[in-house]
Amino acid sequence: MNKRVIIIGGGASGLFAAFTIKEQHRDIDVTILEAEDIVGKKILVTGNGRCNVANRDLSPEKFYCDDYGFIHRLIQNVPIELLEERFQKIGVILTDKNGYLYPQTLQAATIRNNLESACRLAGVNILCNTPARSFQKSDTGFCVYTDEKQYECEILLIACGTNASLKTDYPNGLIQSFASLDISCSDYKPALCSLYLNKKDKTMSDFLKKASGVRSNIQAHINGQSVSGELQITDYGLSGIVMFQLAHVVNVQREHGVKSEIIIDFLPEHTADSLVMFFRQEYGYEKKTLLDLFSQLLNQKLALALLQMYRSDTGAMTEPHHKNVSLDVLQDIIYYMKQVSFPIAKTNDALHSQVLSGGVDIHELSDEMEHKKTKNLYITGECVDVDGLCGGYNLYFAWATGYKAGRSIGNDSNITN
């Protein structure tokens, strides 16, 4: 009888693992149980529909993880060049956009379609609309339960994604199964998402009303971490990739009862002294209003919102329409705009997050993604408590861990044991 492998989840990691297994041993019976109506559904929305497959700038520091040695070894064992070869194997040519890797077509569907096609051609049995509700050990291996039936297998790979961006509680139902096998799995929390400000705070509320819809290049700081990029100001708070990168830190602080505060430099390309010199040398600067002066540096809506926020926070007797403002006051406003404090009320929810943090403790998994205490149980991708920054890092982790598990499962010694 052929060895049976069940893969829970037909996303990036599950598909990559399935093809890798079948490529090595065509006679292995591989079945994917997918909760959605198609496999790879979330792949279609990655990279704004272009699918940022990975990033050439790989390093452990691009990930939030409790074991950076694990990430270092993963990068060594599954380098970008190997991923490029793997994708070429299934008919996908990758293109490099400043280190960000995309399919040459710049269409996420190219990745999804070719992965599904490769799996089906290799003989993978794909069952959609079949969410796995739970699993348990059996005499021969594992038993996986769905709404309709149960599936027996010798080897089980859990590669289901989280419910990030999905209107479902899947795969939270599997957490009890982890607990029954004494597998540590921390709660999933939003990551790579926008941040809410407290609109009950009049200063924050006024700022959002005046600056909503504005985009601005900024530098943000929180808990010793600094990120630069484009900020998007919404009617509820702060968004854009630069905020997404900090959402993980915000949630960690909230989990430990620490109030989160992000400090934003709205003028990151200039020093305060250089801007004072700029105004000093500008002909007739004293005849311009504060709003006119700072609108030379910032979007006018943003300049107005920050000037009024400055007055509210400092109690200064300045108004945006004031002229003949001294250089000392201008300098004080500049210093303020380079370190504006924004207390964060909360992160956005799972539905509006690109990924979630949390999952199975990385220390309990081998480098081949097998659970150290449960033979023939593999856990990959989003199910693992590792999340990366924006820029293809989370997809890299999904491909790489799927590949590692697939190679291990397809290994001759594993199949014959």
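This is a predicted model: local features need pLDDT of at least 70, side-chain atom pairs count only at pLDDT 80 or more; totals for chains, interfaces and linings use all residues.
Residues are numbered from 1 along each chain as its sequence is written. Local features need pLDDT of at least 70, side-chain atom pairs count only at pLDDT 80 or more, totals for chains, interfaces and linings use all residues, and side-chain values use heavy atoms, with hydrogens and water left out.

**The sheet**

Let's start with the strands. Helices (H or I, at least four residues) and strands (E, at least two) are DSSP runs, numbered from the N terminus. Two strands pair if DSSP finds at least two bridges between them. Five strands make an open sheet with parallel pairing, in the order E7-E2-E1-E11-E20. Strands E7 (125–127) and E20 (377–379) stand at the edges with a single partner strand each, so one side of each has no neighbour in the sheet. Further in, E1 (residues 4–8) and E2 (residues 29–33) pair over five bridges, in the parallel sense. Thr31 in E2 is the bridge partner of Ile6.

**The rings**

Rings of Phe, Tyr and Trp (its six-membered ring) pair if their centres lie within 6.5 Å; planes under 30 degrees apart count as stacked, over 60 as edge-to-face and the rest as tilted. The structure holds 12 aromatic pairs. In one of them, Phe87 and Trp399 have ring centres 5.1 Å apart and planes at 85°, so this pair is edge-to-face. Ring pairs also bring Phe16 into a cluster with Phe87 and Trp399.

Charges can sit over rings too, if NZ of Lys or CZ of Arg is within 6 Å of the ring centre and within 35 degrees of the ring normal.

| Charged residue | Ring | Distance from ring centre |
|---|---|---|
| Arg50 | Tyr102 | 4.5 Å |
| Lys137 | Phe142 | 4.7 Å |
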